[in-house]
Amino acid sequence: MTAARCSATARTGDQCGKPAIPGGATCRVHGGAAPQVVAAAARRIATAAVRAEAEALLGQLGLEPVDDPVSEIGRLAAAALATYEAAAARVNALDGIRFTDAKGSEQLRAEVAVMERAMDRAGRLLDMQAKHQAQREGDPDGAVERAVAGLIALGDSARARNEAA
Ligand SMILES: [Zn+2]
């Protein structure tokens, strides 16, 4: 992530131009100190780091784009799962999934939000893929649907565990 300049307009009418907070678009004077802005910036940094790790994982798996829509959905699901794996590894390495911010309020680590979003995305994509596949080939035993339901339940239980922690 390159060091951006504050995009806010200063009183003079010119762009502020001071260094923006890491992962943010404005400096501390122009909203960059607000807790929700700090949290969003942290999430952006964590997302970028996780995405880079996920791309490395995908590279190792040697996945390539294809024309077939069902396979394409599968590829996206694989990307989402790789993102989930990369984020989960970071979450596992954290001392705790929550921290106390400068104002004394408890915050969920950005990595946890990234992990949960990736899990949701993977679940939705796999559900979509299962439906397409079932339509195309017929799924008399509902095996694909059951596998997806299991995966979604896994995501739900992971979330419940995080919320309880
Ligand atoms: Zn500024």
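**Entry 1: confidence**

I looked up the confidence by element and found it highest in helix α1 (residues 28-32), at a mean of 94, and lowest in helix α5 (residues 143-164), at 67. The score is pLDDT, the predictor's confidence in each residue, from 0 to 100. This is a predicted model, and I note that local features need pLDDT of at least 70, side-chain atom pairs count only at pLDDT 80 or more, and totals for chains, interfaces and linings use all residues. Residues are numbered from 1 along each chain as its sequence is written.

**Entry 2: elements and contacts**

I list 5 helices and 2 strands in the protein chain. Both are DSSP runs numbered from the N terminus: helices are H or I with at least four residues, strands are E with at least two. Read from the N terminus, the order is α-α-α-β-β-α-α.

I then took the contacts, defined by C-beta atoms, placed from the backbone, within 7 Å. Of those between residues at least 6 apart in sequence, 47% join residues at least 24 apart.

**Entry 3: burial and the core**

I recorded that 24% of the 165 residues in the protein chain are buried. By C-beta atoms placed from the backbone, a residue is buried with 20 or more others within 10 Å, exposed with 12 or fewer, and partly exposed in between.

The largest nonpolar core holds 29 residues, and Ala 80, Tyr 84, Ala 118 and Ala 122 have the most contacts inside it. Two or more residues come from each of α2 (35-61), α3 (69-93) and α4 (110-137), and α4 contributes the most, with 10. Domain 1 (1-63) and domain 2 (69-164) each supply at least three residues to this core; those bounds come from an automatic or database domain assignment. A nonpolar core here means buried Ala, Val, Leu, Ile, Met, Phe, Trp, Tyr and Cys residues joined through C-beta atoms within 7 Å.

I also checked Tyr 84: apart from neighbours within four places in sequence, Tyr 84 is in contact with Met 115, Ala 118, Met 119 and Ala 122.

I located Ala 48 in helix α2. Ala 48 counts as partly exposed because 13 C-beta neighbours lie inside 10 Å. Its C-alpha atom is separated by 9.9 Å from that of Val 114, 66 residues apart along the chain.

Ala 56 also has its place in helix α2. Ala 56 has 12 other C-beta atoms within 10 Å and is therefore exposed. Between the C-alpha atoms of Ala 56 and Ala 86, 30 residues apart along the chain, I note a separation of 9.7 Å.

Methods: Contact = placed C-beta atoms within 7 Å.
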